[in-house]
Amino acid sequence: MKTGVLLVNLGTPTAPTAKAVKTFLGQFLHDHRVVDVPRAIWCPVLHGVILPFRSPKVAKLYQSIWWPEGSPLMVVSRRQQAGLSAALQEAGIDMPVALGMSYGEPSIGTAWQELKDAGVDRIIILPLYPQYSVSTTASVFDSWARLMKPERMLPAFRFIRDYHDHRGYIQALAESVRDHWDAEGRTDLLLLSYHGIPKRFEDEGDPYGHQCHRTSELVAAELGLERHEWRTTFQSRFGREPWLQPYTDETMKALPGEGTKKVSVICPAFSADCLETLEEIAEQNKEIFMKAGGEAYHYIPALNDNPAHIRMMMDLVCRELV
Ligand SMILES: C=CC1=C(C)c2cc3[nH]c(cc4nc(cc5[nH]c(cc1n2)c(C)c5CCC(=O)O)C(CCC(=O)O)=C4C)c(C)c3C=C
Ligand SMILES: [Fe+2]
Ligand SMILES: [Fe+2]
């Protein structure tokens, strides 16, 4: 048997333009795992309001964070793919690594075809979401299951559901905070901000929020922080229903008034920097905090292609080889 690795992330527009953002959001927001409102109600809202009005606004935000090589999420994902591939080779393990995105290109189908062409008949699927959510991880599984429908001979496969408490992941996050504090100075508070989900999803059994809290506890313990020195919040609300709380933006507004003037922010749910970290956290929330009387605000980058992150991926994958 020949084993291959399929790294999966969310996906991103092909260009920072309203047209490309509309195509991306259209595919993303049609996914029932992301928005579970009945189509008869959702499609008119999506096509009539959200796509025409949100796309040009969001395109401007993408323009503000776009790198010369492309969308940060895509650039970093390709570096992760290359990093893991090189690490496996160095360890003498012959295992192709493909990259697939839930929305847009390269799709999970494109990645599967690459692996098939390389003769792979056993696959390890690693969705790069440390905390499981129905809106992200389960959606990767749906895509995979759809892709397998026309296949006669299924490959053997392993699906890495989550790694929110994996030792290498916690250590990589803690190391990243320590390195940042060594370079920039320590702050009063470490805020661990996670992408949110609707509260209703949690009530219906999504363990995402609990896993986020567990990650925070483990990182704080690894850093030896006292309880008042760290907090967990949730960002990137979408739509009108309540999402997991406390919200990051409301917390930022309140912190200086409570006496916290210096804050460091890390976003452990994002394995790669993207719009939601580089714009929403590093820019928007900084502005909110500073306007409210904050004195120092540090965004600690995602783990991206840090050697410790690649080592963690290698460990996750190699555990599936037995
Ligand atoms: C880290 C895990 C993520 C979860 C959980 C998640 C849930 C979730 N997201 C939306 C809506 C949007 N998310 C958007 C961007 C975005 N989301 C994630 C990750 C998670 N989403 C990433 C990595 C990104 C950035 C992609 C990039 O190109 O950089 C967007 C698009 C931007 C915008 O219009 O604001 C939307 C919309 C929902 C509804 C949801 C759970 C139900
Ligand atoms: Fe539709
Ligand atoms: Fe999202």
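User: How many bridges join E3 to strand E4 (residues 156–159)?

Analyst: Before counting, note that this is a predicted model, in which local features need pLDDT of at least 70, side-chain atom pairs count only at pLDDT 80 or more, and totals for chains, interfaces and linings use all residues. Residues are numbered from 1 along each chain as its sequence is written, while chains are lettered from A and ligands numbered from 1 in the order in which they are written. Helices (H or I, at least four residues) and strands (E, at least two) are DSSP runs, numbered from the N terminus, and two strands pair if DSSP finds at least two bridges between them. Strands E3 and E4 run parallel, with Ile-125 standing opposite Phe-159 in E4, and the number of bridges joining E3 to E4 is 4.

User: Which residue of E3 is the bridge partner of Gly-4?

Analyst: E1 and E3 pair in the parallel sense over 6 bridges. In that pairing, the partner that Gly-4 finds in E3 is Ile-123.

User: Which residue in E2 is the bridge partner of Val-8?

Analyst: Strand E1 (residues 3–9) also pairs with E2 in the parallel sense, over 5 bridges. The partner of Val-8 in E2 is Gly-100.

User: Why is Ala-174 counted as buried?

Analyst: Ala-174 is found in helix H6 (residues 167–184). Leaving aside residues up to four places away in sequence, Ala-174 touches Val-219, Glu-222 and Leu-223, where contact means that the C-beta atoms, placed from the backbone, lie within 7 Å. Ala-174 counts as buried because the number of other C-beta atoms within 10 Å is 20.

User: Within what arc do the buried residues of H5 fall?

Analyst: The buried residues of H5 are Thr-137, Ser-139, Val-140, Ser-143 and Trp-144. Seen down the helix axis, they line one face of H5, because they fall within a limited arc, which is that of the directions from the helix axis to the C-beta atoms. The face turned away from this buried side carries the exposed residues Ala-145 and Arg-146, and the arc of the buried residues is 165°.

User: Which exposed residues does H11 carry on the face turned away from its buried side?

Analyst: The buried residues of helix H11 (residues 280–291) are Glu-280, Ile-281, Asn-285, Ile-288 and Phe-289. They cover an arc of only 95° around the axis, which puts them on the same side of H11. The face turned away from that side carries the exposed residues Glu-287 and Lys-291.

Technical notes. Buried ≥ 20, exposed ≤ 12 C-beta atoms within 10 Å, placed from the backbone. Contact = placed C-beta atoms within 7 Å. Expected span 1.5 Å × (residues − 1).
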